[in-house]
Amino acid sequence: MSGDWAGGAGGAGGRLLEVRDLHVQIPTRRGTVRAVDGVSLEVAGGEALGLVGESGSGKSMTLRAILGVLPSEAKVTAGQILLDGVDLVPLSSSDLNKIRGPKMSMIFQEPMSALNPVMRVGQQIAEGPRVHLGYSRARAAERALELMRRVGIPDPERRFRAYPHEFSGGMRQRVMIAIALSCDPEFILCDEPTTALDVTIQDQILRLLARLCAESGVSLIFVTHDLPVVAQLCQRVAVMYGGQLVETGDVRDVLLEPRHPYTLGLVRSAPDIEEVRESLVPIPGSPPSLVSPPSGCRFHPRCAFAEEDCTVLPTPLRELAGRPRARSTACLHYERCEDAAGAGRAVP
Amino acid sequence: MTAGAGTGPLLSAEDIAVYFPVGSQLAAAVRHQPRMLHAVDGVDLDLAKGEALALVGESGSGKSTLALTLAGLRGADRGQIKLDGRVLRANRSRADQRRIQMVFQDPYSSLNPRLTVGGMLAELLKVHHIVPRGEVTAYSAELLRLVGLGEDALRAQPRQFSGGQRQRVAIARALALRPDILVADEPVSALDVSVQATILNLLRDLRAELGLTLLLISHNLAVVRHLCDRVAVMYLGRIVEIGPAAALFANPRHPYTRGLLAAIPRLTVAPDQAEKEAEEGPAVAGDMPSALRIPAGCRFRTRCPIAQDICATQDPALLHDPADPARQAACHFAFGTAPLVPAAAPAAAAAPDGPDGPDVPRQRQPGQRQTGPGLRKE
């Protein structure tokens with residue numbers, strides 16, 4: 001795996017996928033839901049980016065907007081999604097179809113509902129190469145078999161003719177990964193692909209994804225609520241709250257030394273297998289309404305460090321000074337996290 | 001009848017087995033016996049008063065079925081359940097039902113959407129005659145206070161609550177009957193991370209406050225570690241290892257427990273460690289076999305990194321650890337009688353990193369991942 005993600009700053013790998021100031025809105029009877037509200041991201045070649053947040057934070061919407069598979073009522077109202085410099089937002093769905101597959105593909109949380117239940121899995125894997133790459137039936141089948149071997153499906157010749165219901169959850173997710181890989185994409189967008197799996201199977205799938213990234217140089221955007229999963233798979237992480245990014249940076253920097261109170265809250269509220277703490281520190285309150293979000297910093301009603309200015313000033317991501325690697329936070333008083341994290345963590 | 005005699009376990013399960021018929025009725029009739037899925041297949045379990053025991057394992061290991069059986073919500077095909085040393089009938093008396101209460105995983109589907117919280121609690125309290133009718137409302141409000149909800153929640157319907165609040169209501173409902181044992185089946189896995197913490201803290205406080213005995217079913221070992229004193233690991237309908245939580249996590253005896261622990265992603269993995277691990281194979285290979293085709297001999301042998309010939313023929317019993325009678329494991333090689341490491345790396349295991357080299361060679365151990373200054377970075 002390309003451990004040096006210095007490419008993220010525009011180095012060797014170059015920037016491949018860039019999201020600029022993305023806004024996604026969903027009109028409802030109660031008002032317009034601002035599901036994604038000014039998100040900017042970059043993913044370089046060969047890099048795995050974790051997009052973390054709780055339900056309703058807009059992480060899945062961001063992912064769906066990138067692939068152009070938003071729910072019908074949701075619309076991208078502003079912003080650009082640049083793939084190799086080409087903006088995907090204004091593209092028609094037929095133009096997008098040329099990009100989905102060979103350039104980008106997606107792995108969903110529930111393989112059973114993402115796979116076609118009445119189509120043999122081999123054919124589902126072969127469909128992409130036939131449609132997008134113009135492979136003949138025989139050549140596409142050959143490709144499907146090769147992919148099934150690569151993702152670790154035992155006995156591929158026999159399983160080629162099986163239906164999704166004949167597979168276990170882990171094997172179905174492998175089929176999904178084979179489909180995602182079938183047209184050699186540059187980006188794979190993963191929407192909680194291991195959340196529905198047992199921890200042992202999750203471990204297998206994460207290892208498989210890490211190996212595939214290393215072998216083929218494919219980039220991942222990995223959406224999850226599970227911080228340790230991100231720590232295991234990704235080099236960079238972006239934390240979302242209330243439709244906005246609140247912190248980005250190197251995975252270990254962010255998770256070990258959070259510089260946003262929300263990230264700090266997430267890290268502290270989860271029980272840790274390594275050390276038993278007397279009591280967990282929950283984040284008080286509940287997630288913000290996306291119809292009428294709080295003014296200023298969206299986290300301020302739940303934040304222990306909030307000051308007067310947090311309620312009024314806009315809080316865009318700002319780069320932290322004096323950091324060797326790009327690291328940003330949206331918190332106006334991020335120094336307080338530093339003190340709190342130092343005090344809260346029991347150093348062995 | 002003499003409750004709380006103090007000597008024996010509060011709840012004790014002996015050789016519990018639960019089978020589900022599968023396949024068509026016709027095929028069963030032709031074969032003269034239905035095809036059975038062995039969900040729970042001979043489990044002995046003691047629950048001491050006041051302790052918190054966790055049942056862990058992959059989906060399909062039978063942990064939820066066992067919990068439902070212990071709570072009396074489904075019958076057992078074999079074995080018996082004792083409460084205070086008294087064998088419980090298959091259809092329990094209301095007094096017995098009251099003593100074991102359950103909290104379910106999904107607070108969105110386990111609460112009646114058409115009843116107000118007050119109505120739900122009142123119905124329960126009246127049916128079981130917990131308090132005189134005149135005191136029902138006051139007692140309900142008291143229950144809600146106990147789980148951290150205000151009195152106005154009495155008039156609200158479940159849909160007006162968030163997931164975490166619903167789970168509080170579910171806990172209040174379980175506590176309404178003043179149970180001795182609370183069985184919680186994945187109580188936080190449907191909740192967001194920040195909300196999970198509030199429910200985990202609540203369960204922990206309630207235990208201390210009310211002296212509850214807790215049986216927690218969870219696939220999340222970090223949650224288990226936080227809440228429980230003792231852990232039972234299930235695999236394909238059997239308990240394969242059981243022991244005090246701290247000892248079991250620090251030094252697992254069964255290869256499956258080791259695999260489960262090693263499979264957990266950790267927040268604090270040093271970069272060099274992460275790279276090393278990426279090279280290694282998965283913590284546990286393959287899928288759990290179907291409970292319809294349970295392997296002969298040891299059930300885990302198809303995925304076991306240290307399986308030998310004996311494992312295919314002899315089903316290992318759940319034996320006590322000679323060094324620590326509180327621990328039990330069902331593995332031929334659990335207590336250092338034979339090679340415990342995969343044949344490939346015997347030398348590495350022979351040289352443990354600490355001066356207190358354990359007499360039992362171990363596989364890769366979760367506890368060893370983080371030695372010394374764990375949060376150290378590059």
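1. Open sheet of chain B. In this predicted model, four strands of chain B form an open sheet in the order β2-β1-β4-β5, with antiparallel pairing. The edges are held by β2 (35–47) and β5 (86–87) of chain B; each has a single partner strand, so one side of each is left without a neighbour in the sheet.

2. Helix on that sheet. Helix α2 (residues 63–70) of chain B packs on the sheet and touches β1 (11–22), β2 and β4 of chain B. The direction of α2 makes about 120° with that of β1(B).

3. The β4–β5 pairing. Strand β4 (residues 78–83) of chain B pairs with β5(B) in the antiparallel sense, over two bridges. Within this pairing, B:Leu83 stands opposite B:Arg86 in β5(B).

4. Strand β3 of chain B. Is β3(B) enclosed or open to the outside? Five of the five residues of this strand (residues 52–56) are buried, so β3(B) is largely enclosed by the rest of the structure. Both of its faces are covered: B:Ala52, B:Ala54 and B:Val56 are buried on one side, and B:Leu53 and B:Leu55 on the other.

5. Partners of β3(B). Strand β8 (residues 213–217) of chain B runs parallel to β3(B), and the two pair over four bridges; here B:Leu53 stands opposite B:Leu215. Strand β9 (residues 230–235) of chain B is also joined to β3(B) by four bridges, again in parallel. In that pairing B:Val56 stands opposite B:Val233.

6. Largest nonpolar core. This core holds 195 residues, and A:Ile221 and A:Phe222 touch the most other members. Helix α7 (residues 169–181) of chain A gives the largest share of the core, eight residues. Leaving aside neighbours within four places in sequence, A:Ile221 is in contact with A:Val43, A:Leu49, A:Leu51, A:Leu63, A:Phe187, A:Leu189 and A:Cys190.

7. Helix α8 of chain A. Does the length of this helix agree or disagree with its residue count? The 18 residues of α8 (residues 199–216) of chain A should span 26 Å at 1.5 Å a residue, and the end C-alpha atoms are 26 Å apart, which agrees. The expected span is 1.5 Å times one less than the number of residues.

8. Burial and end of α8(A). The buried residues of α8(A) include the run A:Val199, A:Thr200, A:Ile201, A:Gln202, A:Asp203, A:Gln204, A:Ile205, A:Leu206 and A:Arg207. A:Leu209, A:Ala210 and A:Cys213 are buried too. After the helix comes A:Gly217, with a positive phi near 70°.

Technical notes:
Residues numbered from 1 in each chain as written. Chains lettered and ligands numbered in written order. Predicted model: local features only at pLDDT ≥ 70, side-chain atom pairs only at ≥ 80, totals over all residues. Pairing = 2+ DSSP bridges. Contact = placed C-beta atoms within 7 Å. Axes fitted to C-alpha atoms, helices over the stretch in contact; angles between N-to-C directions. Core = buried A, V, L, I, M, F, W, Y, C linked by C-beta atoms within 7 Å. Buried ≥ 20, exposed ≤ 12 C-beta atoms within 10 Å, placed from the backbone.
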